[in-house]
Amino acid sequence: MSDEKVVIYDHPNPEFKSFLMPEEVSPPRVERFQKPLDRNGEDRLKRLGILGAQVVREIMAVPGVMEIWVKPKEIRVKKEVNWTWEKIQGPVLEIVHRALRKKKIRIVKH
């Protein structure tokens with residue numbers, strides 16, 4: 001089991017950060033979502049499963065978040081230029097940690 005250690009990777013482009021997780025929160029696929037979520041985005045959300053879709057919806061609701069790329073163990077976030085990571089990183093980390101706890105609970109229930 002993981003200790004919920006999330007590694008934050010700062011990309012050369014300061015508008016991006018990756019949140020690298022010890023556990024998968026979505027199926028093995030790569031999806032990209034932009035604000036606002038359109039019908040196509042809603043359809044692609046369903047492919048991520050309940051937990052993956054919930055993580056994307058919650059992160060997209062964080063003010064300043066512009067785009068998200070989801071991989072099984074990585075969430076890459078692109079922020080709006082006029083926002084700072086100080087206002088975005090905390091809420092995103094909270095969402096990721098909550099998802100990892102839910103994942104652990106599901107594993108134990110099986």
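These are my notebook entries on a predicted protein model.

**Ground rules**

I number residues from 1 along each chain as its sequence is written, and my side-chain values use heavy atoms, with hydrogens and water left out. The model is predicted, so I ask pLDDT of at least 70 for local features and count side-chain atom pairs only at pLDDT 80 or more, while totals for chains, interfaces and linings use all residues.

**Entry 1: the whole chain**

I looked up the secondary structure first. The protein has 3 helices and 5 strands. I take both as DSSP runs, numbered from the N terminus: helices are H or I with at least four residues, strands are E with at least two. From the N terminus the order reads β-β-β-α-α-β-β-α. The radius of gyration is 13 Å, close to the 13 Å of the globule rule for 110 residues, so the protein is as compact as a globular protein of that length. I take that radius over C-alpha atoms, and the rule is 2.2 Å times the number of residues to the power 0.38. Along the principal axes, the C-alpha atoms fill a box of roughly 45 × 30 × 20 Å.

Of the 110 residues, 43% count as buried. My classes are buried under 20% relative accessible area, exposed over 50%, and partly exposed in between (1.4 Å probe, protein chains only). Among contacts with a separation of 6 or more, 60% come from residues 24 or more positions apart. A contact means heavy atoms within 4.5 Å.

Then I noted surface and charge. The protein exposes about 6,400 Å², and carbon and sulfur atoms supply 55% of that. Areas come from the Shrake-Rupley method with a 1.4 Å probe; for residues, only the protein chains shown count as cover. There are 23 positive and 16 negative charges, and their mean positions are 3 Å apart. Lys and Arg count as positive, Asp and Glu as negative; His and the chain ends are not counted. I place each charge at NZ of Lys, CZ of Arg, CG of Asp or CD of Glu.

**Entry 2: Glu 31 and its arginines**

Glu 31 lies in strand β3, residues 31–34. Is Glu 31 buried or exposed? Glu 31 is buried, at 6% relative accessible area. I found a polar contact of 2.8 Å from its side chain to that of Arg 29. A polar contact is a pair of N or O atoms within 3.5 Å; within protein, one must be able to donate a hydrogen and the other to accept it, and residues adjacent in sequence count only if both atoms are side-chain atoms. The side chain of Glu 31 makes another polar contact, at 3.4 Å, with the side chain of Arg 44. Beyond four places in sequence, Glu 31 also touches residues including Ile 68, Trp 69 and Val 70.

Arg 29 sits in the loop between β2 (16–20) and β3. Arg 29 is partly exposed, at 31%. Its C-alpha is 7.8 Å from that of Val 70, 41 residues apart in sequence. Among its contacts outside four places in sequence are Arg 47, Leu 48 and Pro 72.

Arg 44 belongs to helix α1. Arg 44 is buried, at 16%. With neighbours within four places set aside, I list Glu 31, Arg 32 and Phe 33 as its contacts.

**Entry 3: Glu 67**

I moved on to strand β4, residues 65–71, which holds Glu 67. Glu 67 is buried, at 4%. Which side chain does Glu 67 join in a polar contact of 2.8 Å? That partner is Arg 32. Further contacts of Glu 67, beyond four places in sequence, include Phe 33, Gln 34 and Val 77.

**Entry 4: a cis bond**

The peptide bond from Lys 35 to Pro 36 is cis, with omega near -15 degrees. Pro 36 is in the loop between β3 and α1 (39–46).

**Entry 5: helix α3**

Lys 103 is found in helix α3. Lys 103 is partly exposed, at 25%. Its C-alpha lies 8.1 Å from that of Glu 23, 80 residues away along the chain. Outside four places in sequence, Lys 103 touches Glu 23, Glu 24 and Leu 51.

Ile 105 is also in helix α3, residues 85–109. Ile 105 counts as partly exposed, at 46% relative accessibility. Ile 105 and Val 6 are 99 residues apart along the chain, and 18 Å separates their C-alpha atoms.
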